[in-house]
Amino acid sequence: MEAKPSSTSPSTFIDQLVVPGDVILDLSSMANQTIKLGGGLRQDGDSISVMKAGTLRFTKPNKYWVESSHKRYVPSAGDNVLGVVVDTKPENFLVDIKGPALAFLPVLAFEGGTRRNIPKFEVGTLLYVRVVNANTGMNPELSCMDANGKAAEYGVLKEGYMFESSTGLSRTLLSSPPYPVLEALGKKLSFEIAVGINGRFWVNASQSSTVILVGNAILKSESLSLVQQKIYLEKLLKNIQ
């Protein structure tokens, strides 16, 4: 969703706890720019107000959303998510993205997709996909292409293992600068990771023991302070050459 106009300076609520009803932006007093509203926010006239409790987040240049650490994921257009195929239909794959309803992935929503080369996915196939539409009351629509129609990083995640997490941890893993825990693990271990903003991440490595170690370390880190994370990782990685 987009709203005009917008602020040149972020809301005073950034990184603070907000609750339903809080007005975080007054558009009438702002410069004529576009802002993007993510999950947990809505526009009512000139006011941008909160719909769910959580922490207000802002990313440059212009996106606002409410982050909560709940396990439940609320789809938003533009999100990159990890989905599991649960059924196949003639026109769509039905995909579980950990949201309130199943999402659908059109069989042609792939780079160069035609009726002659429709992919065959078994139930249980893990996909890295993009949310294209997420209108209230409708099943979210997915795509395996970026905005330019290219496959980019989207598609099947083979081998490896998928871990379930909170949506808050997902956002932390995707944050910039990189999450310190991921950086520390990456210096000692060789592995691939794909993070969905829907509270799922996938890890792959040449050894299954590395996959489990990395996944469990990331999950445990959410409940630790920065100092505790450092101590925990030093102990964990001490014996790894």
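How far apart do the end C-alpha atoms of residues 160-207 lie, and what percentage of the span is helix and what percentage strand?

## Annotated span

The model is a predicted one. In it, 9 Å separates the end C-alpha atoms of residues 160-207, and the span is 33% helix and 29% strand. The UniProt record, an unreviewed entry, annotates residues 160-207 as "domain: K Homology".

## Helix 3

Helix 3 comprises the 14 residues 208-221. At 1.5 Å a residue it should span 20 Å, which agrees with the 20 Å between its end C-alpha atoms.

The buried residues of helix 3 are Thr210, Val211, Val214, Gly215, Ala217, Ile218 and Ser221. Viewed down the helix axis, these buried residues fall within an arc of 160°, so they line one face of helix 3. In an α-helix, residues three or four places apart point the same way, because there are 3.6 residues a turn. The elements that cover the buried residues of helix 3 include helix 1 (167-173), helix 2 (180-188) and helix 4 (226-237), together with strand 15 (161-164), strand 16 (192-196) and strand 17 (200-204).

The structure contains 6 aromatic pairs. Among them is the stacked pair of tyrosine 128 and tyrosine 154, with 5.4 Å centre to centre and 20° between the planes. Tyrosine 128 belongs to strand 12 (residues 126-133), whereas tyrosine 154 lies in the loop between strand 13 (141-143) and strand 14 (155-156), so the pair ties together parts 26 residues apart in sequence. Tyrosine 128 is buried at 10% relative accessibility, and tyrosine 154 is buried at 12%.

Phe93, Phe110 and Phe121 form one aromatic cluster. Elsewhere, lysine 220 lies over the face of tyrosine 232, 5.5 Å from the ring centre.

Notes: Residues numbered from 1 in each chain as written. Predicted model: local features only at pLDDT ≥ 70, side-chain atom pairs only at ≥ 80, totals over all residues. Heavy atoms only, no water. Phe/Tyr/Trp six-rings, centres within 6.5 Å; stacked < 30°, edge-to-face > 60°. Helix = DSSP H or I, 4+ residues; strand = E, 2+ residues; numbered from the N terminus. Buried < 20%, exposed > 50% of the residue type's maximum accessible area, 1.4 Å probe, protein only. Lys NZ or Arg CZ within 6 Å of the ring centre and 35° of its normal. UniProt positions renumbered as here; feature names shortened; annotations may be inferred. Expected span 1.5 Å × (residues − 1). Arc of directions from axis to C-beta. Contact = heavy atoms within 4.5 Å.
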